[in-house]
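Dear colleague,

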Amino acid sequence: MIVTSNKNFEDAECQFSICTPCYNSAETIIDVFKSLKNLTYQNFEWIIVNDASTDNTSEIIHTILNDAEFSVTFCDLEINKMATYCYHLSIMKAKGRFLIFLDHDDQIKPNALDRFLYQWELLSSNQQDNIAGMIAHCEDELGNLVGTNFPRSPDINSFFDLMFSEGVRGEKFFCYKTEIMQENNFQLVDRYVPESNVMWRISAKYKTLFFNETLRIYTQPQIGGNNLSTMNPFDYPLGFRLSYLDLLNNFSHKLIYKPYLLVSFLFNFSLFSCASHLSLRSSIVDLENQIHRVMIFPIFIVAWVFHFFRSKLSSN
């Protein structure tokens, strides 16, 4: 890995670290850069991780390094390691007070950082100390809200509760404290671990401030395009297994009141365990809740049968 930065900003303190992993992003990374240049608040650093692109992404980013009037750190990987590693690396390198993910084909709205700071300053010092950060909305390329609004705004709440109790859906735009992201960084158990896994783990410990403003332009995934949203999760079973395991272990006290959700999580955990060639015994050991350990016996058998026939169909 080769790390390059524009030296004039190397030691500058900043409020935000904006992290962008990219792979074959020659057609989109300039638009990301332009959106950052248009930010009305400029006290931030941009951390770019190029995941061994095969096009001229690296050359374009070197041009950006020379043109940028804000801090840029460029990590150029020689071997493709996928987005999870890129996020993990950028989180470790982040120096800002808050951390934001901005994908290689997305754009940030000009007032985004101002609005995050405005909402943050409305909180009491006690609230600021005890929440993980903030979450706002995304809009698509046509200006339409992605997913659903939060039922209340602003609202200090649990990400888990909003998703699974109040039915909030869609891509969201988070801005978390960097120290909390570093404490709950991606676990590199597979080449891909869902981004939501980090958010579930943080949600188990902290609440978050939610507010109904669209601050990021999200490029909707295209079939066959360079987007992780269209991947086959069974290509990365350990990553998805971890996600369901953390949901089961971190939210067992809430899942007891959501039996359908509990069974669904146990089934998917069992299914990805089978896809990872892990036994029922090891799956039982990984579960922390005794009720879950009993319930998984019949569910694991059903999941194994499902996985067996799915594998047969996939191989034909």
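Is aspartate 106 buried or exposed? Aspartate 106 is buried, at a relative accessible area of 1% (buried means under 20% relative accessible area, exposed over 50% and partly exposed in between, with a 1.4 Å probe and protein chains only). Please note that this is a predicted model, in which local features need pLDDT of at least 70 and side-chain atom pairs count only at pLDDT 80 or more, while totals for chains, interfaces and linings use all residues. Residues are numbered from 1 along each chain as its sequence is written, and side-chain values use heavy atoms, with hydrogens and water left out.

The structure contains nine salt bridges, each defined as a side-chain nitrogen of Lys or Arg within 4 Å of a carboxyl oxygen of Asp or Glu. In one of them, arginine 216 meets aspartate 106 at 2.8 Å, N to O. Because arginine 216 belongs to strand 10 (residues 207-217) and aspartate 106 to the loop between strand 5 (98-101) and strand 6 (107-108), this pair ties together parts 110 residues apart in sequence; strands here are DSSP runs (E, at least two residues), numbered from the N terminus. Arginine 216 also counts as buried, at 3% relative accessibility.

Asparagine 6, in the loop between strand 1 (2-5) and strand 2 (16-22), is buried as well, at 10% relative accessibility. A polar atom of its side chain lies 2.7 Å from the backbone oxygen of phenylalanine 70, and the side chain of asparagine 6 reaches the backbone nitrogen of valine 72 at 2.8 Å.

Technical notes:
Helices (H or I, at least four residues) and strands (E, at least two) are DSSP runs, numbered from the N terminus. A polar contact is a pair of N or O atoms within 3.5 Å; within protein, one must be able to donate a hydrogen and the other to accept it, and residues adjacent in sequence count only if both atoms are side-chain atoms.
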